[in-house]
Amino acid sequence: MPELPEVEYARQRLTRWTTGSALTGWDLVDPGAFRPKLSAHPTPDPLAVARLQALVGRPSTATARHGKRVGWSFGGPGLLLHLGMTGAWVEGARPRHARLGLRFGDRTLWLNDPRRMGGVSYDDDPSAHVGTGLGPDALLDGSLSQVVPSRSPIKVALMDQRRLAGLGNIHAAEALWRAGISPRLRACDLDEGQRAALTQAIRAQLTEALKALDLETDLRYVSDGGDNPFAVYGRQGQPCPRCGAPISRELLGGRGTWWCPSCQP
Ligand SMILES: [Zn+2]
């Protein structure tokens, strides 16, 4: 599932593929992929055709990321993007779950998304608006100031994009394991040492995950059968890489949560 590192990887690939090139055409395979505003629901924007057509001839000039969202500017106006649970941008031939194609000369970029939760929306200034409604970016800022007042379990609070933007189920679990903090502990009960350890763990987790992604290769998500490079995620019953105790799994806030009961008491 795409979280901050995977979205940053998508942003860097889009930038590399298109900066300076003009949009020459588009193929809206699934009208639900172009939405009136960013959401996980495939609601079609009735103005999609006019909005896409207005971008034709304009050069791709900049991309920005905030949390799991990307703003893509075409000399001012442009698109906001998010990848949902299974979305990815790929280049080349039309993939099996193509939702939207954007052509730049002889190169076509596709939003491929089996589960249709990813999508795009038009914005008159995506660079400026990419972070609207979101908490601080987990990598560029990393402040937990909006997380720690929460009375929710820390794992749930970390995944609330209005409190901290960028972490999802995988990287929240991995960062808590690194910091040695139980995912069940209420955010407001973290002491100062735990806050500092968690801030550092989140940065290390995201930095390492991003470093491991190869821009030359299409990414296969763990949930889609790709390799699992993570310490606790998806590993119930397996030995903790740090202490050897078996990894536990339980539902927390409706999501599968993995942790080491010994390192994260
Ligand atoms: Zn352990």
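Modeller: Let's start at S73, which touches P59, S60, T61, A62, P126 and S127, leaving out residues up to four places away in sequence; a contact here means heavy atoms within 4.5 Å. Keep in mind that this is a predicted model, where local features need pLDDT of at least 70 and side-chain atom pairs count only at pLDDT 80 or more, while totals for chains, interfaces and linings use all residues. Residues are numbered from 1 along each chain as its sequence is written, and side-chain values use heavy atoms, with hydrogens and water left out.

S73 sits in strand β4, residues 69–73. Helices (H or I, at least four residues) and strands (E, at least two) are DSSP runs, numbered from the N terminus. With a relative accessible area of 4%, S73 is buried. Buried means under 20% relative accessible area, exposed over 50%, and partly exposed in between, using a 1.4 Å probe and protein chains only.

For contrast, take R116, in the loop between β8 (107–112) and β9 (119–123). At 33% relative accessibility, R116 is partly exposed. R116 isn't a glycine, yet its phi is positive, at about 65°. Most residues other than glycine have a negative phi.

Next, the zinc ion. C240, C243, C260 and C263 each coordinate it through SG, at 2.2 to 2.4 Å. Donors are N, O and S atoms within 2.8 Å of the metal (3.2 Å for Na, K and Ca); water isn't among the atoms, so sites may look incomplete. Angles among the four donor atoms run from 98 to 114°, making the zinc site tetrahedral; for four donors, that label needs all angles between 85 and 135 degrees. The ideal angle for four tetrahedral donors is 109.5 degrees.

Along the sequence, the zinc donors follow the spacing C-x2-C-x16-C-x2-C. C240 belongs to the loop between α6 (192–211) and β10 (248–252), and C260 to the segment after β11 (255–259), so this pair ties together parts 20 residues apart in sequence. C240 is buried at 4% relative accessibility, and C260 is buried at 0%, whereas C243 is partly exposed at 39%. A search of the whole structure turns up zero disulfides, meaning pairs of cysteine sulfur atoms within 2.5 Å.

On to α6 itself. Its 20 residues should span 28 Å at 1.5 Å a residue, and its end C-alpha atoms are 29 Å apart, which agrees; the expected span is 1.5 Å times one less than the number of residues. The buried residues in α6 include L198, A201, I202, Q205, L206, A209 and L210. They cover an arc of only 150° around the axis, so they are on the same side of α6; that arc comes from the directions from the helix axis to the C-beta atoms. E192, Q200 and K211 are exposed on the other side of α6. Among the elements covering the buried residues of α6 are α1 (4–18), α4 (154–158) and α5 (169–179).

Finally, α1 is mostly covered, with 12 of its 15 residues buried, W17 and Y9 among them. From first to last C-alpha, α1 reaches 21 Å, close to the 21 Å expected. Just after α1 comes G20, with a positive phi of about 90°.

Technical notes. Four donors count as tetrahedral if all angles lie between 85 and 135 degrees; four count as square planar and six as octahedral if opposite donors are over 155 degrees apart and all others between 65 and 115; anything else is irregular.
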